Amino acid sequence: MEFRVMDNPDTEKVQEELTPNWEELFDHLQRVMSSGTEVMQLKATLKLARLSNLAPEDLLADTIPILARLLGDIDVSGSLTCSIQQAAAYCLKQIASRGEGRLATKIGQSGVIQSVLRLLPQSDDTFQRILVKCLRNIVTFANVNRVIVARNGGLEVVIGTLNSCNDGTRRYLLEILSALTLLREVRRVLICLGGLRFLVEAARFGSMVSRERACQAIGLLGITRRARRMLVELGVIPVLVELFHVGDSTTKLVAGNSLGVISAHVDYIRPVAEAGAIPLYAELLQGPDPNGKEIAEDVFCILAVAEMNAVAIAEHLVRILREGNVEAKAAAADVLWDLSSYKHSVPVVRNSGAIPILVNLMSDENDEVREKVSGAIAQLSYNEADRIALADAGAVPIMIELLQCESEEVKDNAAESLINFSEDPLQHERISEAIGIPSFQSMQNRMIRLRASDDLMVRSMRRMSIEQLTWDPDLV
């Protein structure tokens with residue numbers, strides 16, 4: 001079976017449109033735009049829009065100044081002017097998505113952005129939707145255009161349009177807003193313009209790329225106490241948790257980091273945990289990304305300030321110590337190391353069943369695991385009840401053995417633990433064979449010097465405070 005081209009005028013017309021002579025098309029467009037009627041201009045612009053996905057990049061670049069003039073023409077009063085402007089905006093929207101940002105950048109340099117921002121507030125529903133989509137592509141495909149939009153009052157126009165827009169156009173406006181808020185100069189004025197609620201909305205709806213941008217901006221804004229409070233009042237916590245839950249690996253990192261920023265205040269620690277964040281951070285801690293592990297460790301240390309959270313976190317850490325890979329175990333042990341320094345968390349760690357697992361992991365072949373685990377044990381050894389639990393789990397002979405370890409950090413941690421045991425009358429005899437080992441003696445001497453230095457600093461601070469109160473008339 002063979003295909004034949006039928007001798008049909010309609011077939012020839014279709015074939016001509018599929019493989020047009022681009023130079024002739026461009027010459028025709030120029031002639032029509034300079035001397036043709038409005039009807040001819042409209043037809044030519046619509047044809048260009050229809051073929052824009054096929055046209056060569058250099059030809060599209062040459063059409064941008066022509067389309068920019070059509071969109072920015074405010075002196076003509078023909079009946080089809082609005083339709084021509086709509087066609088030009090649609091065509092520019094199509095072109096902006098071509099050329100990997102090069103054409104979008106050229107559009108931004110042509111004055112199109114200023115025309116779009118001027119036309120948006122006075123446009124009707126159909127024209128408004130086309131203009132918004134055009135602007136969305138312009139700022140999405142070329143980051144440099146965001147600066148042009150922001151410095152020409154674009155943020156005010158977008159927020160003003162959002163205040164009066166409830167249809168499908170809203171999504172594209174939110175995507176424009178999320179792109180603009182990655183600029184520091186935009187974030188500085190966003191609160192004053194009442195745009196913070198729209199940023200939270202942008203993190204909730206739209207494309208995942210846009211939601212991720214909004215999430216990133218929320219994290220940057222949430223560093224300040226005022227913005228953090230306003231964001232929480234606007235319901236940002238469940239929005240970030242939901243995004244953390246459904247996003248891809250990159251989005252999870254951004255959402256986890258932003259939620260961590262929000263949680264960095266005592267008033268928001270419980271709400272973040274109650275929204276379901278702890279299991280999500282446990283998932284991040286077990287993930288392959290080192291940045292994710294670092295974020296999860298930092299946030300766990302914040303959330304664990306509340307004892308109820310510390311209990312839930314410890315349960316996840318114990319599970320990871322049992323089931324996780326090497327990197328996850330090291331990260332979980334690192335968090336337990338930090339939690340062991342919290343007074344209220346000391347019994348939490350002990351009651352979680354972590355101590356026997358930590359003791360077993362001290363024999364792990366991986367150096368990082370042993371370093372983190374031995375550090376956690378060293379911290380736990382400062383507490384009497386934990387020393388008993390450690391001794392019952394068989395930690396002492398393992399720590400004595402680790403005094404011969406090649407890793408200096410592991411040796412130091414083991415020695416620190418054993419010194420704490422040596423100062424406990426109930427445990428002193430257990431570590432008698434460690435006393436003559438050089439690494440133990442070295443750490444013991446170091447700790448004596450550190451304690452003496454700490455005592456001296458405390459006395460100096462006390463004297464300084466008394467002298468300040470005596471001599472500073474503003475404090476008396």
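Is Arg-370 buried or exposed, judged by its relative accessible area? Arg-370 is buried, at 17%. Here, buried means under 20% relative accessible area, exposed means over 50%, and partly exposed lies in between (1.4 Å probe, protein chains only).

The structure is a predicted model, in which local features need pLDDT of at least 70 and side-chain atom pairs count only at pLDDT 80 or more, while totals for chains, interfaces and linings use all residues. Residues are numbered from 1 along each chain as its sequence is written, and side-chain values use heavy atoms, with hydrogens and water left out.

The protein chain holds 29 helices and 0 strands. Both kinds of element are DSSP runs, numbered from the N terminus (helices, H or I, at least four residues; strands, E, at least two). The chain has 476 residues, and buried residues make up 50% of them. Contacts were also examined by sequence separation, a contact being heavy atoms within 4.5 Å. Among contacts with a separation of 6 or more, 68% come from residues 24 or more positions apart.

Two helix pairs were examined. Helix α4 (residues 57–72) and helix α7 (residues 112–119) have axes that come within 9 Å. These axes cross at roughly 25 degrees. Axes are lines fitted to C-alpha atoms, for helices over the stretch in contact, and angles run from 0 to 180 degrees between N-to-C directions. The angle makes α4 roughly parallel to α7. Angles under 35 degrees count as roughly parallel, over 145 as roughly antiparallel, 65 to 115 as roughly perpendicular and the rest as oblique. The crossing of α4 past α7 is left-handed. A crossing takes that label if the near helix is turned anticlockwise from the far one by less than a right angle, and is right-handed if clockwise. On the α4 side, Ala-68, Leu-71 and Gly-72 make the contact. On the α7 side, Val-112, Ser-115, Val-116, Arg-118 and Leu-119 take part. By class, this contact has 5 nonpolar, 2 polar and 1 charged residues. Ala, Val, Leu, Ile, Met, Phe, Trp, Tyr, Cys and Pro count as nonpolar, Asp, Glu, Lys and Arg as charged, and the others, Gly among them, as polar.

The second pair is helix α20 (residues 290–303) and helix α22 (residues 326–339). Their axes come within 10 Å and cross at roughly 25 degrees. α20 and α22 are therefore roughly parallel to each other. α20 passes α22 in a right-handed crossing. Lys-293, Glu-297, Phe-300 and Cys-301 of α20 contribute to the contact. From α22 come Glu-327, Ala-328, Ala-331, Asp-334, Val-335, Asp-338 and Leu-339. The contact of α20 with α22 has 6 nonpolar, no polar and 5 charged residues.

Charged pairs were then considered. Side chains of opposite charge can pair when their charged atoms come close. A salt bridge is a side-chain nitrogen of Lys or Arg within 4 Å of a carboxyl oxygen of Asp or Glu. The whole structure contains 13 salt bridges.

One of them joins Asp-367 to Arg-370, with the closest N and O atoms 2.9 Å apart. Both residues lie in helix α25 (residues 367–380). They are 3 residues apart, about one turn of the helix. Asp-367 is partly exposed, at 43% relative accessibility, and Arg-370 is buried, at 17%. Through shared partners, salt bridges also join Glu-57, Glu-100 and Arg-102 into one network.

Glu-175 pairs with Arg-171 in another salt bridge, the closest N and O atoms being 3.3 Å apart. Both lie in helix α11 (residues 169–180), 4 residues apart, about one turn of the helix. Glu-175 is buried, at 5% relative accessibility. Arg-171 is partly exposed, at 43%.

Glu-283 forms a salt bridge with Lys-252, and their closest N and O atoms are 3.7 Å apart. This pair links distant parts of the chain, 31 residues apart. Glu-283 belongs to helix α19 (residues 277–286) and Lys-252 to helix α17 (residues 249–263). Glu-283 is partly exposed, with a relative accessible area of 42%. Lys-252 is buried, at 14%.

Helix α5 (residues 81–96) contains Gln-86. Gln-86 is buried, with a relative accessible area of 17%. Leaving aside residues up to four places away in sequence, Gln-86 touches Thr-126, Phe-127 and Ile-130. Ser-83 also lies in helix α5. Ser-83 is partly exposed, at 32% relative accessible area. Ser-83 and Val-39 are 44 residues apart in sequence, yet 9.7 Å apart in space, C-alpha to C-alpha.
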